[in-house]
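I have grouped them by region.

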Amino acid sequence: MFKQAEMAPLSSAFLIAMLLFGLVDSQLTSDHHDHFNMVFMEADKDNNGILDKSEFINSFTVYDGNKDGTVTKKEYMDHNTVVMPEHLMIVDPMFDKYDMDRNGQLNISDYQKFYPLMDANNDNLVTEQEFHNYWVSVFGDHSMMTMSMSG
Ligand SMILES: [Ca+2]
Ligand SMILES: [Ca+2]
Ligand SMILES: [Ca+2]
């Protein structure tokens, strides 16, 4: 854990990391759980509690405001923060997780690569529980902070 004396000069990346440490320390709030549920429900078009791969891929287009096949961080943030401004803190690192090739934007190929990460039992279906567990594990995983600090 951080001690006051060990703090380096503050960069924005460092501040984000600190915010996330705070998030981990205090655990996820009900707001954050609500956000995961909201993202899932938005993508689960037939409301059967299972996010199949086509539903997940289709959810990509929701964020693609100008329909050019690329979702910039701004488009992603705009979509999510219009809905829930207080979710900004987790939306930003979620974008970075989806961005599998780390090129700063989302494409269908990122979503195709990302989908299996959430499918804990490898049955090619992502249940609401799997989706939720995945994101809870991400935000409880300090490698996320390491990425922010080195990036
Ligand atoms: Ca479904
Ligand atoms: Ca990408
Ligand atoms: Ca599954």
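Predicted model: local features only at pLDDT ≥ 70, side-chain atom pairs only at ≥ 80, totals over all residues.

1. Let me begin with two loops. R102 sits in the loop between α5 (88-98) and β3 (105-106). Its phi is near 55°, a positive value in a residue other than glycine. R102 is exposed because 9 other C-beta atoms lie within 10 Å, and the cut-off for exposed is 12 or fewer.

2. K67 belongs in the loop between α3 and β2 (71-72). For K67 too, phi is near 55°, again positive in a residue other than glycine. Is K67 buried or exposed? With 7 C-beta neighbours inside 10 Å, K67 counts as exposed.

3. Next comes a helix pair. Helix α3 (residues 53-63) packs with helix α6 (residues 108-118) at an angle of about 145°, and their axes are 9 Å apart. The crossing of α3 and α6 is right-handed. On the α3 side, the residues in this contact are K53, F56, I57 and F60, and on the α6 side they are I108, Y111, Q112 and Y115. By type, the contact of α3 with α6 has 6 nonpolar residues, 1 polar and 1 charged.

4. Which residues does A43 touch, leaving out those up to four places away in sequence? They are L51, E55, F56 and S59. A43 lies in helix α2 (residues 30-43). Between A43 and F56, which are 13 residues apart along the chain, the C-alpha separation is 6.1 Å. A43 counts as partly exposed because it has 18 C-beta neighbours inside 10 Å, while buried would take 20 or more.

5. Finally, the nonpolar cores. The largest one has 10 residues: F36, V39, F40, L51, F56, I90, V126, F131, W135 and F139. The elements giving two or more residues to this core are α2 and α7 (128-139). As general background, nonpolar side chains tend to be buried together in soluble globular proteins.

Methods:
Residues numbered from 1 in each chain as written. Chains lettered and ligands numbered in written order. Axes fitted to C-alpha atoms, helices over the stretch in contact; angles between N-to-C directions. Helix = DSSP H or I, 4+ residues; strand = E, 2+ residues; numbered from the N terminus. Left-handed = near helix turned anticlockwise from the far one by under 90°. Contact = placed C-beta atoms within 7 Å. Nonpolar A, V, L, I, M, F, W, Y, C, P; charged D, E, K, R; others polar. Core = buried A, V, L, I, M, F, W, Y, C linked by C-beta atoms within 7 Å.
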